[in-house]
Amino acid sequence: MGARTVLTKNQTMIEKLQTIVGETHVKTDADSLKIWGCDWTKHYTPAASAIVFPASTEEVQAIVKLANAEKIALVPSGGRTGLSAGAVAAHGEVVVSFDRMNKVLEFLPLDQMVRVQAGVLTGQLQQFAIEQGLYYPVDFASAGSSQIGGNIATNAGGIKVIRYGMTRAWVLGLTVVTGKGDILHLNKGMAKNATGYDLRHLFIGAEGTLGFITEAEIKLERQPRDLRVLVLGMPDFNSIMHVLAAFQARLDLSAFEFFSELALQCVLASGNVARPFPDATPFYVLLEFEALSTAVEEQAMQVFEACMEAGWVQNGVISQSETQARNLWRLREDISETIAKFTPYKNDISVLITHVPAFIADIDAIVQANYPDFNIVWFGHIGDGNLHLNILKPANLSKDEFFDKCQVVNKSVFETVQKYNGSISAEHGVGMTKKPYLGYTRSKEEIAYLQAIKQVFDPNNIINPGKIFDLT
């Protein structure tokens with residue numbers, strides 16, 4: 001096919017997309033292709049052919065039907081905060097952005113449920129819930145820019161999983177456009193619906209490979225009251241596990257996070273927050289609970305004192321106001337942003353909490369043996385077994401040189417994940433960055449079933465192809 005023929009075909013495709021969504025809602029300029037063609041990963045160069053901005057489920061359906069007819073690959077784009085290249089268009093795909101589908105459509109107070117379009121921001125939904133006297137508990141650092149559709153497609157976790165679970169726990173219904181172009185209304189928001197396969201759960205965590213999520217019915221919760229935040233300094237990692245067990249035995253925790261001294265140093269270097277107490281410790285824990293009575297707060301202090309006496313905790317501070325609580329949370333929440341300038345190589349891994357001490361010792365030994373001169377930042381949602389391993393790029397290495405060095409040790413890291421029956425991706429998805437390693441968590445038989453499901457919903461392989469796995 002000659003260059004003139006390719007250009008003519010692309011122009012025809014763009015004109016057809018403009019017919020569906022309007023002339024001003026298709027972008028092909030270089031800046032737009034770069035911005036909407038990528039996520040937060042830096043492994044792949046975005047190379048989208050066009051960005052299209054539908055405003056309704058019906059427009060998404062029309063785009064998918066056009067893509068099937070023209071054999072055009074489509075990539076979904078939400079807030080583009082992903083860390084696995086699941087929303088990267090690196091092979092000339094058309095990006096379908098949900099930026100215009102950002103409306104709260106309906107609120108049902110008796111059901112404590114809200115129906116939203118996929119492009120609603122996480123923070124927007126959280127604020128809406130507050131205005132109704134309710135609460136949406138899925139929360140993470142990118143809440144101000146991530147979109148609900150993307151959260152659902154990756155089954156996002158975050159900082160409150162220990163109490164509230166993953167995104168999956170809050171999705172009562174979905175409207176989706178399959179890879180065939182069919183519109184499905186899945187579960188329709190019902191709490192009880194015993195009518196066979198619940199297809200809603202296939203789309204949650206599917207990373208947009210089965211079709212596009214366009215609307216969701218989301219369950220809301222009562223607002224937490226009188227939250228207290230404790231930050232504790234730890235002498236070693238094993239002490240963290242003892243403290244987790246001690247507090248969980250006496251309190252209902254809404255968060256239990258950990259981070260290393262190096263992670264804290266990166267946050268402090270920003271100049272926006274202060275060290276929680278004067279003396280540094282190797283590790284820190286941030287935990288949160290509701291102090292619904294003075295008895296609960298006294299109980300928390302009793303556990304804290306017992307942990308101090310046991311030598312598991314060296315220092316600590318508890319919030320006395322909402323402002324102080326927010327500032328303490330920043331010690332944990334600002335880590336990803338403040339290490340971004342070091343182009344970190346990220347691993348998002350998980351095992352059963354029981355295995356965490358042995359697992360982290362094994363991983364730490366592997367990393368130190370292979371990268372003795374690299375700085376390693378540990379942090380994560382230790383209360384649910386999710387660890388974030390971040391290797392910081394030295395200034396004297398290019399990005400490509402650095403990533404090549406890091407990938408050499410991936411086999412050892414993921415073999416250790418497999419040894420403990422863990423996951424190569426706890427909450428960031430597989431996308432393209434973890435695709436080569438899927439077999440360390442999923443068996444060949446499982447992957448074959450996943451591929452078969454993909455072919456049922458998307459027989460022409462046009463919806464986010466090449467993510468999670470390749471079709472053979």
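In helix 15 (residues 410-419), the buried residues are Asn-410, Val-413, Phe-414, Thr-416 and Val-417, where buried means under 20% relative accessible area, exposed over 50% and partly exposed in between (1.4 Å probe, protein chains only). Viewed down the helix axis, these buried residues fall within an arc of 150 degrees, so they line one face of helix 15; the arc is that of the directions from the helix axis to the C-beta atoms. The model is predicted: local features need pLDDT of at least 70, side-chain atom pairs count only at pLDDT 80 or more, and totals for chains, interfaces and linings use all residues. Residues are numbered from 1 along each chain as its sequence is written, and side-chain values use heavy atoms, with hydrogens and water left out.

- The buried residues of helix 15 pack against strand 16 (345-350), helix 13 (356-370) and helix 14 (399-408); helices (H or I, at least four residues) and strands (E, at least two) are DSSP runs, numbered from the N terminus.
- Asn-421, which follows helix 15, has a positive phi near 55 degrees.
- Helix 9 (residues 261-268) has Glu-261, Ala-263, Leu-264, Cys-266 and Val-267 as buried residues.
- The partners against which the buried residues of helix 9 pack include strand 13 (253-260), strand 14 (283-290) and helix 11 (322-333).

**Nonpolar cores**

- The largest nonpolar core has 53 residues, and Ile-240, Phe-247 and Phe-258 have the most contacts inside it. Such a core is a set of buried Ala, Val, Leu, Ile, Met, Phe, Trp, Tyr and Cys residues joined through side-chain atoms within 4.5 Å.
- A second, separate core of 30 residues includes Val-114, Val-116, Leu-134 and Ala-153.
- Not counting residues up to four places away in sequence, Phe-258 touches a set of residues that includes Phe-237, Ile-240, Trp-378 and Leu-387; contact means heavy atoms within 4.5 Å.

**Buried loop residues**

- Asn-155 lies in the loop between helix 5 (148-154) and helix 6 (161-164), and it counts as buried because its relative accessibility is 13%.
- A polar atom of the Asn-155 side chain lies 2.9 Å from the backbone nitrogen of Arg-168.
- Beyond residues up to four places away in sequence, Asn-155 touches Met-166, Thr-167, Arg-168, Ile-204 and Gly-205.
- Asp-334 is placed in the loop between helix 11 and helix 12 and, at 11% relative accessibility, counts as buried.
- The side chains of Asp-334 and Arg-330 make a polar contact (2.9 Å). A polar contact is a pair of N or O atoms within 3.5 Å; within protein, one must be able to donate a hydrogen and the other to accept it, and residues adjacent in sequence count only if both atoms are side-chain atoms.

- Leu-186 is found in strand 9 (residues 183-186) and counts as buried at 7% relative accessibility.
- Leaving aside neighbours within four places in sequence, the contacts of Leu-186 include Leu-172, Leu-199 and Phe-203.
- Asn-187 lies in the loop between strand 9 and helix 7, is buried with a relative accessible area of 10%, and has a positive phi near 75 degrees.

**Another residue with positive phi**

- Asp-226, in the loop between strand 11 (221-222) and strand 12 (227-234), has a positive phi of about 50 degrees although it is not a glycine.
- With a relative accessible area of 44%, Asp-226 is partly exposed.
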